[in-house]
Amino acid sequence: MNASHQIKIKNQNLWLSSERCLYWEQEKALVLSDLHIGKTGHFRKAGIAVPQTIFKEDMHRLVSLIQHFSPSKLIVVGDMFHSYANKELELFTKWRGDFSSVDVKLVKGNHDILQKKWYSNAGIELFDSALTIAGFCFQHDPGECGMDEANKKKYVFSGHIHPGVTISGMGKQSLHFPCFYFTDTYCVLPAFSRFTGTVSIRPKEDDMAFAIVNNSLVRVN
Amino acid sequence: MENNLPQKKLHDTPGYKIVSAWFASNNMSPFAFQEEAWQHIINNQSGLVNAPTGCGKTFSVFLGAVINFINNNVDGYSKKKKNGLQLLWVTPLRALAKDIARAMEEVIAGLGMQWQIGSRNGDTPIAERQKQRRQMPEVLIITPESMHLLLAQKDYAEIFTSLKTIAVDEWHELLGSKRGVQVELAISRILGVTQATGMLSSRTERRSRECEGSAEQRIVNLWGISATIGNLEQARDVLLSPLKTHNSVIVRANIPKPIEVISVFPDEIEKYPWSGHLGIKLVHKAIEIINNSRTTLIFINTRGMSELWYQTLLKECPDLAGAIALHHGSIDMEMRTWVEESLHTGILKAVVCTASLDLGVDFRPVETVIQVGSPKGVARFLQRAGRSGHQPGEVSRIYFLPTHSLELVEAAALKAAKDINFIESRDPRILCFDVLVQYLCTLAVSDGFRPEEIFEEVRTTYCYRDITDDEFSQITHFITSGGTALQQYDEYKKVEVIDGLYKINSRRLAMRHRLHIGTIVSDPMLKVRFIGGGYIGMIEEWFISRLQPGDVFTLAGRTLEFVMIKEMTVLARKSSSKKSNIPSWQGGRMPLSANLGIMLRKKFNEAYLVTNDKKAQTDVEVKALEPLFILQQSLSHIPKEDELLIEHIETKDGYHLFVYPFEGRLVHEALGALLSYRLSRITPITFSFAMNDYGFELLSDRPIPLDDSNADELFSAENLLEDIQRSVNSAEMAKRKFRDIAVIGGLIFQGYPGEYKKARHLQSSASLLFQVFNEYDKNNLLLRQAYNEVMEQQMEEARLRDTLSRINNSKIVITFPKRLTPFSFPLKVDSMRENLSSEKLEDRVKRMQEQLSK
């Protein structure tokens, strides 16, 4: 477990982890995005044989993060579940039972299409478009940041796009990694699930991007 | 099946008399090779006909089947209708089906017979398919994919109960591809159902007893038709493998075809050749050729370049408007058909085309062919040349128009190869697990299959003759339980086993699989339509994803403005903009063949001799390049046949190492990976990599430790496999191979046509899946196949070994030119680049950043 990078936004301490999430110290909150729980099961049910180990290891990673940071709550900025209910979600609910002391707050993403009742049964507090805590706003799609008049001045944490960044060097070399992306008004978290691709972003001059390179984070601009 | 029947004499049979009377009434007479084939066919023998297009190869097998039918139905041959399927005619291109059907129908009408000629491919309307279900035509012209679609129908065995002959046309085109493997598998099944009556349903059995009667008629003849390739015997053996016969023949047409090769010379030889650019500059010379000829085909290597050529020809010679057309694989079917029809009738002056017009159909009006850029192989060049001058006795004329000046050497090499008939082989594919996975699912969709029965059949094919019990059971396990899973939380569902019968029961899965058969194209292709309706063609998703609404691009010779993407369709409107993006399509980048490589090295040897001795003899092409060769020689060296040239050059980009084996881009990629891995054991170092058909380049930010002391060792064939597998790049290459495999093996679902939304949440890319399997399921069969294909196909392991042993017997010449040489320049500007590294990822990133911040 590695959370060597600390950054400050609005005087709050945020620890970035190479395990694709960030820890908000003052609020004792683990913030993550795009877990896509049930994706391997969804594919397999449709006859597409992807290894289910990815799902298992995603869950293990989540468990070790919770053990490491001991957060009081999880804030998920969307796409916590991939599609309709399947047996992998049963494994999740079983797991949820073991961590009932942790609050789970989910801001709905485009993939979160389960019935409202399902979330409440699983002990997940659902927010339709955004969740605000202190000076921060959590929402799924960074493209919609600042649309809401009331949240205009708040710093936004989002996901959805699965950001990745390309690093190039001399000799025309280049490499591509998933990343954290911070602008002065919003941040895009990397997708938590390993069963996700990335979309390239190009950080502007005042932005910060941290590439996830194996088990460490590298500031790329 | 051995043939112990009494031999019939062709000329004594009623069928022959009737057919030869028809020939005579049309003032024709059969060729000797046609009669030879007929004789074998009526003796129930199988084999291969070797004949070029336009010489009556279709009749050699088709009329054999007709004669057979007449012989067996002497009294009622002209009246008998609804005879069931007699002849299954497999063709690689659906565009060919129509012409073949037309030719066959003419004969059938001329003979006064009642046979129906049907065709079955992706374009066959549903009504027609249903009609065929009720009553099969006597002849069915079919593509390999559609053969598998037949096998995906319930009670498919009934279709084949009356079948006498299977013909596989253009077998040389299918051999060596996965579509060829599809043909092998389908044939093994068809032979299985026609020979093992015990496996058929009782209904089928009853029917077959009524139609057939004698055991003699249960023999199915199997015939391949192939142009000349280097391994004709093997081509026959691969096709006929499921027959398990030792008694097969090759019938050779031996019709000589004079070919004239003319090089188009640029007015000025550029000493620094840059690929692709010279070609367009020579457009005026092309226009001259077009104007002096009745109809001209202009072969271009890529679809993107063909669009550019079409535009440029129109711009430079507006008179050609309406008399010139464009033909490539991504253009709407209807438009392509129109182009083909117009070629027949001779109303077109010129057609710019790609490999899409390589095959089959004769276009009699075509007088001249222009090949733009390297054809990459002797066989392809001769085949294209053969598209002109179709009338017997006429000369085929082909102009070679180079896209960079060095390519003129290739013209000389091609001429020399033509003179000694040095034609490439097509190596058959071995153990394609992805195709087998798809095939087993196909059988599971229709009637289900029993592994013990199908395993025996599959093993009769050439492709899978070495498959082990273990491998086969891994495959059945994969389609029934889906590899690694979390048991109680798994809901994998595809093939189910009920009483030993393997079957796909879900209608949704079955439908999806049927849609899937035949998807060999891996990159998602989007349809392009006008906003107001009207289909234009197909375009690769990655190209369109870089466009913004309002951007202008070219497709099918039209200038279009990109409006939006809606449900897998690109909507566009006409544009009058002068500037536009030319799309590029991936794939289709053929490597230089080994044969052409050998001839090329001989020509460079001559170039060396000429540069050093004015009196030496060589071709005009090599002579014309004298200024370039003099510069190459003064800066560096011209490699002789028994030499390998290596250049160290330093530029502001870094340290370059150029190596010139002239072995084609795939072998160069493998050599590059091998060399960089071995260099990296000397010191941690990262390279970027570029290659073309002549050589490859390693570029690094630090000096590359290769010199006389270690060069031999670096190119040694020892530990070849281990070293290549360890080189970082093997994963990169496997990733590319995996694209096709994932699609064929059913891991990527490309969506229902027009029902994009229903495939909800099932999208993923091949590269993501590759990464996932690499990390979580290393033993996955399809993943392993990707790595194997890298070794066998990509690396062409056998050829790589030959190359290394040639290098080991050569002199390695290392030079240190002060600036870029004519040989190195095209490589330097080539944009196809890859990274090869032995450094730790984190270190690499840090160093790249340090360099940038300097």
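Modeller: Let us begin with the domains. The centres of domain 1 of chain B and domain 2 of chain B, taken over C-alpha atoms, are separated by 34 Å. Chain B is divided into domain 1 (10-252), domain 2 (259-419), domain 3 (525-574) and domain 4 (642-854), with bounds that come from an automatic or database domain assignment. This is a predicted model, in which local features need pLDDT of at least 70 and side-chain atom pairs count only at pLDDT 80 or more, while totals for chains, interfaces and linings use all residues. Residues are numbered from 1 along each chain as its sequence is written, and chains are lettered from A and ligands numbered from 1 in the order in which they are written.

Colleague: In what order do the 7 strands of the open sheet of chain B lie?

Modeller: Strands (E, at least two residues) and helices (H or I, at least four) are DSSP runs, numbered from the N terminus, and two strands pair if DSSP finds at least two bridges between them. In chain B the order is 3-4-2-5-6-1-7, with parallel pairing. Strand 3 (117-120) and strand 7 (248-252) of chain B each have a single partner strand, so one side of each lacks a neighbour in the sheet. From one strand to the next, the twist averages 20°.

Colleague: How many bridges join strand 1 of chain B to strand 7 of chain B?

Modeller: Strand 1 (residues 46-50) and strand 7 of chain B are joined by 5 bridges, and Asn50(B) stands opposite Arg252(B). Strand 1 of chain B also pairs with strand 6 of chain B, over 4 bridges in the parallel sense; there Val49(B) faces Ile225(B). Strand 5 (residues 165-168) of chain B is joined to strand 6 of chain B by 4 bridges, with Ala167(B) opposite Trp223(B).

Colleague: Which residues of strand 6 of chain B point one way, and which the other?

Modeller: In a regular strand the side chains alternate between the two faces of the sheet. Here Asn221(B), Trp223(B) and Ile225(B) point one way, and Leu222(B), Gly224(B) and Ser226(B) the other. Of the 6 residues in strand 6 of chain B, 6 are buried, that is, 20 or more other C-beta atoms lie within 10 Å of their own, with C-beta atoms placed from the backbone.

Colleague: What lies across strand 7 of chain B?

Modeller: Helix 2 (residues 32-42) of chain B lies across strand 1, strand 6 (221-226) and strand 7 of chain B, at about 165° to strand 7 of chain B. Such angles run from 0 to 180 degrees between N-to-C directions, the axes being lines fitted to C-alpha atoms, for helices over the stretch in contact.

Colleague: How many residues has the largest nonpolar core?

Modeller: A nonpolar core is a set of buried Ala, Val, Leu, Ile, Met, Phe, Trp, Tyr and Cys residues joined through C-beta atoms within 7 Å. The largest has 242 residues, and Trp89(B) and Val409(B) are among those with the most contacts inside it. Helix 17 (residues 433-445) of chain B provides the largest share, 10 residues.

Colleague: How many residues of chain A are in contact with chain B?

Modeller: Two residues are in contact if their C-beta atoms, placed from the backbone, lie within 7 Å. By that criterion, 36 residues of chain A are in contact with 41 residues of chain B. Helix 1 (39-45) of chain A gives the most to that side of chain A, with 5 residues.

Note on methods
A residue is buried if 20 or more other C-beta atoms lie within 10 Å of its own, exposed if 12 or fewer, and partly exposed in between; C-beta atoms are placed from the backbone.
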